[in-house]
Amino acid sequence: MVSSNSLFDGSLLGASAQSSMPPNHIIRPLELTDFRKGYIECLANLTVVGDVTEQMFAESFEDMQRAGCYFVIVIEDLEVTKIVATGTLVVEQKFIRMCGRVGHIEDIVVAKGQQGKRFGFTIIKQLMELATATGCYKSILDCSPDNVPFYEKCGLENKGIQMAAYVPGAAHKL
């Protein structure tokens with residue numbers, strides 16, 4: 001059962017998830033209250049987020065929760081009640097591969113000052129386990145060439161080139 005505060009059922013996270021955390025840190029699903037724990041600020045370490053209000057966050061959270069295919073995990077530093085790392089798995093239903101599913105790993109970020117604690121590796125590992133638990137036949141991730149060595153250490157292989165077409169005037173120009 002999913003709590004209305006959690007994006008998804010936390011029991012889907014592997015038992016090894018918490019055991020790999022340093023003291024006073026917890027890995028868990030994104031919660032509605034994480035807006036006030038610096039989730040948006042953590043994401044801003046990755047890219048431009050924009051001026052996301054608490055209401056905008058709540059509406060997007062509820063949309064993602066209803067869809068049932070979004071799995072955002074966070075690492076919280078319990079001493080300072082701050083989100084220090086996050087990553088997302090989006091599960092896409094396909095017609096190919098006998099109507100299989102593909103996991104898209106997105107928005108991997110570790111807050112400044114928190115690198116070197118293996119949070120990125122732990123997030124990737126947990127998202128890949130979630131992909132398996134949700135029936136994905138593969139997981140894919142787009143990254144810059146500079147990040148390829150890190151993701152290879154996490155067990156991913158370089159399989160091609162990502163292409164993008166941005167919509168003129170869309171939110172990417174924030």
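Ile-27 has Ile-75 of strand β2 standing opposite, and five bridges join strand β1 to strand β2 (residues 70–77), the two running antiparallel. Strands here are DSSP runs (E, at least two residues), numbered from the N terminus, and two strands pair if DSSP finds at least two bridges between them. This is a predicted model, in which local features need pLDDT of at least 70 and side-chain atom pairs count only at pLDDT 80 or more, whereas totals for chains, interfaces and linings use all residues. Residues are numbered from 1 along each chain as its sequence is written, and side-chain values use heavy atoms, with hydrogens and water left out.

Strand β1 (residues 25–29) is mostly covered, with four of its five residues buried, where buried means under 20% relative accessible area, exposed over 50%, and partly exposed in between (1.4 Å probe, protein chains only).

| Residue | Strand | Relative accessible area |
|---|---|---|
| Phe-71 | β2 | 6% |
| Thr-88 | β3 (residues 82–93) | 5% |

Leaving aside neighbours within four places in sequence, Phe-71 is in contact (heavy atoms within 4.5 Å) with residues including Phe-8, Leu-12, Thr-88, Leu-127 and Thr-134. Thr-88, with residues up to four places away in sequence not counted, touches Phe-71 and Val-72, and also His-104, Ile-105 and Leu-127, among others. Gly-87 is another contact of Phe-71, and the C-alpha atoms of Phe-71 and Gly-87, 16 residues apart along the chain, are separated by 8.4 Å.
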